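Student: Could we go through a few contacts in this one together? I'd like to begin with the charged pairs.

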Amino acid sequence: MDDTFLASLTDSSLTALATAVEAGWLSGGSPDSAFASIAGEQGATVARWLLTLFEDDGFTPCQAAKLIRAIIAGRRRDQILVPDLVVSGPDIPGVPTADTYAVVQSLFQEAQNEIVLAGYAFHNGRLLFERLMEQQKLRPRLRIIFHVDVPRRSSDTSSPDAIVLRCAEEFRQRHWPWSPFPEVYYDPRALDTDSKHRASLHAKVVVVDRAKLFLTSANFTEAAHQRNIEMGLLTKVPYLAEQVAIYFEGLRQSGRLLRLP
């Protein structure tokens with residue numbers, strides 16, 4: 001029997017159905033009306049499907065209930081594995097998206113133990129990071145780790161130390177004017193006087209508690225989060241989130257990234 005009708009039932013309806021099967025509802029006098037209280041107009045279809053499982057496939061009520069719960073678990077697994085498209089820019093009908101600013105602010109609010117951030121460009125970051133600062137007040141043990149690009153401009157002949165100090169002061173004034181100051185790391189290769197050897201920290205990511213990962217084209221600027229056309233993917237696959245967090249952790253521990261003073 002075709003079981004595509006199951007897709008129209010909610011998780012709560014399927015959970016109630018599994019409980020009803022275990023309770024022996026099919027043994028009653030009018031199973032169609034009994035299952036209608038759970039599945040609505042699909043009640044009769046549900047009853048026929050279950051009878052097919054029992055009579056043709058040899059399922060017991062316990063096995064049928066386990067099958068239904070496996071369907072629920074599969075749905076939830078798929079919801080975790082399929083990433084969400086996150087976009088800032090004009091809305092287009094028919095393209096379901098999440099908003100970059102809203103997603104990032106929500107991630108800030110969800111952080112419990114650790115949040116790893118990487119960005120190429122920052123502008124008036126205090127407007128974006130205020131919620132993260134508030135979250136840190138609520139959870140003083142929350143570890144906040146920024147990874148930023150500290151570039152040497154083409155005409156800048158300053159020493160690397162001087163550029164780093166300027167960047168540190170700018171970050172404190174414009175992006176995180178609160179206390180305590182988070183951990184901020186940079187790639188020293190960006191300060192090489194030889195442009196052929198320079199490299200940029202160009203990644204834009206947010207990793208929350210090594211469980212959620214947001215990869216995006218958006219920098220940490222108001223324009224990027226609210227006006228520019230930017231795209232990213234939000235995934236709740238812990239393995240991927242942890243891999244990104246471990247990668248940056250390795251860069252820090254190996255000395256490839258240095259901490260701002």
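Student: What does Asp187 form a salt bridge with?

Tutor: In this predicted model, Asp187 forms a salt bridge with Arg189, and their closest N and O atoms are 2.8 Å apart.

Student: And is Asp187 buried or exposed?

Tutor: Asp187 counts as buried, because its relative accessibility is 6%, which falls under the 20% cut-off.

Student: How many salt bridges does a search of the whole structure find?

Tutor: The search finds nine salt bridges; one of them pairs Glu114 with Arg210, with the closest N and O atoms 2.9 Å apart. Glu114 lies in strand 3 and Arg210 in the loop between strand 6 and strand 7, so this pair ties together parts that are 96 residues apart in sequence.

Student: Switching to helices, at what angle do the axes of helix 6 and helix 7 cross?

Tutor: The axes come within 8 Å and cross at roughly 70 degrees, which makes helix 6 roughly perpendicular to helix 7.

Student: Which residues meet there, in helix 6 and helix 7?

Tutor: Gly125, Arg126 and Phe129 of helix 6 meet Gln173, Arg174 and His175 of helix 7, and by class this contact has one nonpolar, three polar and two charged residues.

Technical notes. Residues are numbered from 1 along each chain as its sequence is written. This is a predicted model: local features need pLDDT of at least 70, side-chain atom pairs count only at pLDDT 80 or more; totals for chains, interfaces and linings use all residues. Side-chain values use heavy atoms; hydrogens and water are left out. Axes are lines fitted to C-alpha atoms, for helices over the stretch in contact, and angles run from 0 to 180 degrees between N-to-C directions. Helices (H or I, at least four residues) and strands (E, at least two) are DSSP runs, numbered from the N terminus. Angles under 35 degrees count as roughly parallel, over 145 as roughly antiparallel, 65 to 115 as roughly perpendicular and the rest as oblique. Contact means heavy atoms within 4.5 Å. Ala, Val, Leu, Ile, Met, Phe, Trp, Tyr, Cys and Pro count as nonpolar, Asp, Glu, Lys and Arg as charged, and the others, Gly among them, as polar. A salt bridge is a side-chain nitrogen of Lys or Arg within 4 Å of a carboxyl oxygen of Asp or Glu. Buried means under 20% relative accessible area, exposed over 50%, partly exposed in between (1.4 Å probe, protein chains only).
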